[in-house]
Amino acid sequence: MHELLSSTTADTYLATMHAAVGRIADRLQTTTQPFSGASRNQLQSLVDAVDLDGPGRGAALAVEEADSLFAEHAVWFHHPDYAAHLNCPVAVSAVAAEAVVSAVNASLDTYDQSGIGTLMERHLVDWVNTRIGFTAGDGIFTSGGTQSNLQALLLAREHATARHPAGRSSLHQLVVLATTSSHFSVQKSARILGLCDDAVLTVATDAHGRMLPAALADTLRDAVAAGQVPMCVVATAGTTDRGCIDPLAAIADVCEETDVWLHVDAAYGCGLLVSPTRRHLLDGIERARSVTVDFHKSFFQPVSSSAVLVRVPADLAPAAWYADYLNPAGSSEPNQVDKSLQTTRRFDALKLWVTLRALGADRLGEMFDTVVDLTAQVHDVVAADDDLRLVGRSQLSTVLFRYQPAGLDDAAADHLVPLVRRVLFESGRSLVAKTVVDGRPCLKLTLLNPDATLADVRRVLALVRDTAAALVEGEAMLDRASDLASGAVSAYDAPAVSVPARLGAR
Ligand SMILES: *Cc1c(COP(=O)(O)O)cnc(C)c1O
């Protein structure tokens, strides 16, 4: 057997890795747009053409196929014309560490499988906690913000039921307080955790979608008066769409007065923990009971890299389960599985470790600052553009806007939003996102590329503007508008309009 990584296959390993990595390096040098623009039908037939029951073709051909099938049509987050979701370009050092992670294939569940890894992960958790201001906290790496939020709410649920006289029977009374800008994983977690369908109460927000502390106090009081049991307040440090930060210190005041668990979802805003200039935006985070951070969003880490942190180490206890063969109760070894919802678990922490050692925390923070600075400039550019309308300003790196020159009514501008996104996506030239803010559709840029320049973003905005103008001019738009109004088609089905030819190659 010479298929598996071992002393006999070290040479093959080297050659195969070189081939795979070499192809990616070629693509980085030659890729001219963030996406090939292949249609769904084209992609489906490429995939369908592969017979997974066929004989093995050898690593070289298989890796070549991964390149020509997957990498050829992948979406490239490092490309400056990619500006859609919360995906960052990744640190070179982290990608190298990723190769180490999968080759060694450590599993960070028990100490006897990963002694050094366990201690390194714990050191990193301590480092994050120090940045947060948890002086004696604990935590664990997770697969992402969704899992981190789920675990935090699980811990909050156990905390609430443990101190309620009715114990677990109080489950149907528990409520979570969040806002309409909170991440959907809060709602999803509440469902998974067996809370009532309407257990997530919506706290009123200011014009930027930030939780109003006074409204939080009112909602808490009303909930208690109605016989509900507040289990947790979820504040968001960097809302996914608006990039705004809830007033953490004022929210912490309310939570301390009412003795309610405060969870801060900093999946997006965690980059501020290392910012040399903006750390103050997170002031108050140290008063949370639990915190979610996503290194794969604002620390330039490859997916997955996230963590959930707790201020009080004992709060992690409900995550533990003891198995005779793995982590028997009372074991003196530092078994990370005692703190995790997962059992077998990747050593994702190594990527962040290597990145911190390669770049230093300040440099990472400067990189996040760079995208926040760039975003502020883009806000000004959009605000000054007669054809575009800025929809609020973010404190982080999103840009919410609409194409709406004078004379274009709200309904027509609404219809354009999904069409513009779709036409650009199908061209592969530029990727932007869309969302709904205060009931109105709008386009969204998420800027997480510190190498992107204002000129790059201006080019994306020009593509949006010209595509929208072409849609408005074309008869297609008129037809679409009436089809949409009659409900005959969904706004997702774009008309046959392509990116204006005069824009040519960039
Ligand atoms: C992205 C995001 C999440 C979910 O994180 P994943 O890593 O995608 O699971 C949670 N909360 C906020 C605020 C986010 O932006």
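Helix H6 contributes the most to the shell around the ligand, giving 3 residues, in what is a predicted model. The elements that supply two or more residues to this shell are H6, which spans 145-162, and helix H10, which spans 295-298. By class, the residues of the shell comprise 9 polar, 3 charged and 2 nonpolar ones. There are 14 residues around the ligand, and those that come nearest are Thr-146, Asp-265, Asp-294, His-296 and Lys-297.

## Polar contacts and burial of the ligand

A polar atom in the side chain of Thr-146 is placed 2.6 Å from a ligand oxygen, and a polar side-chain atom of His-296 is found at 2.8 Å from an oxygen atom of the ligand. In the case of Gly-145, it is a backbone N or O atom that lies 2.8 Å from an oxygen of the ligand. The ligand taken alone would expose 380 Å², and 85% of that area is buried by the protein.

## Domains and their interface

The domain assignment divides the chain into domain 1 (7-75), domain 2 (107-359) and domain 3 (363-503). The C-alpha centres of domain 2 and domain 3 are separated by 33 Å, and the contact between these domains involves 26 residues of domain 2 and 24 residues of domain 3.

Together, domain 2 and domain 3 bury about 2100 Å² between them, with carbon and sulfur atoms giving 60% of that area. On the domain 2 side, the residues that lose the most area to domain 3 are Asp-241, Tyr-268 and Phe-300, which together account for 32% of what that side buries.

## Backbone details

Most residues other than glycine have a negative phi, and most peptide bonds are trans. Against that background, two places in the chain deserve a mention. Asp-259, although not a glycine, has a positive phi of about 55°, and this residue sits in the loop that runs between helix H9 (248-258) and strand S5 (262-266). The peptide bond leading from Val-303 to Ser-304 is cis, its omega being near -5°.

## The surroundings of Ser-304

Ser-304 is located in the loop between H10 and strand S7 (306-310). When its neighbours within four places in sequence are set aside, Ser-304 is in contact with Ser-143, His-296, Asp-348 and Lys-351. Ala-235, by comparison, is 69 residues from Ser-304 in sequence and 23 Å from it in space, C-alpha to C-alpha.

Definitions and conventions
Residues are numbered from 1 along each chain as its sequence is written. This is a predicted model: local features need pLDDT of at least 70, side-chain atom pairs count only at pLDDT 80 or more; totals for chains, interfaces and linings use all residues. Side-chain values use heavy atoms; hydrogens and water are left out. A residue is near a molecule or strand if one of its heavy atoms lies within 4 Å of it. A polar contact is a pair of N or O atoms within 3.5 Å; within protein, one must be able to donate a hydrogen and the other to accept it, and residues adjacent in sequence count only if both atoms are side-chain atoms. Accessible areas come from the Shrake-Rupley method with a 1.4 Å probe; for residues, only the protein chains shown count as cover. Helices (H or I, at least four residues) and strands (E, at least two) are DSSP runs, numbered from the N terminus. Ala, Val, Leu, Ile, Met, Phe, Trp, Tyr, Cys and Pro count as nonpolar, Asp, Glu, Lys and Arg as charged, and the others, Gly among them, as polar. Domain bounds come from an automatic or database domain assignment. Contact means heavy atoms within 4.5 Å. Buried area is the accessible area (1.4 Å probe) that two parts lose on being put together, summed over both.
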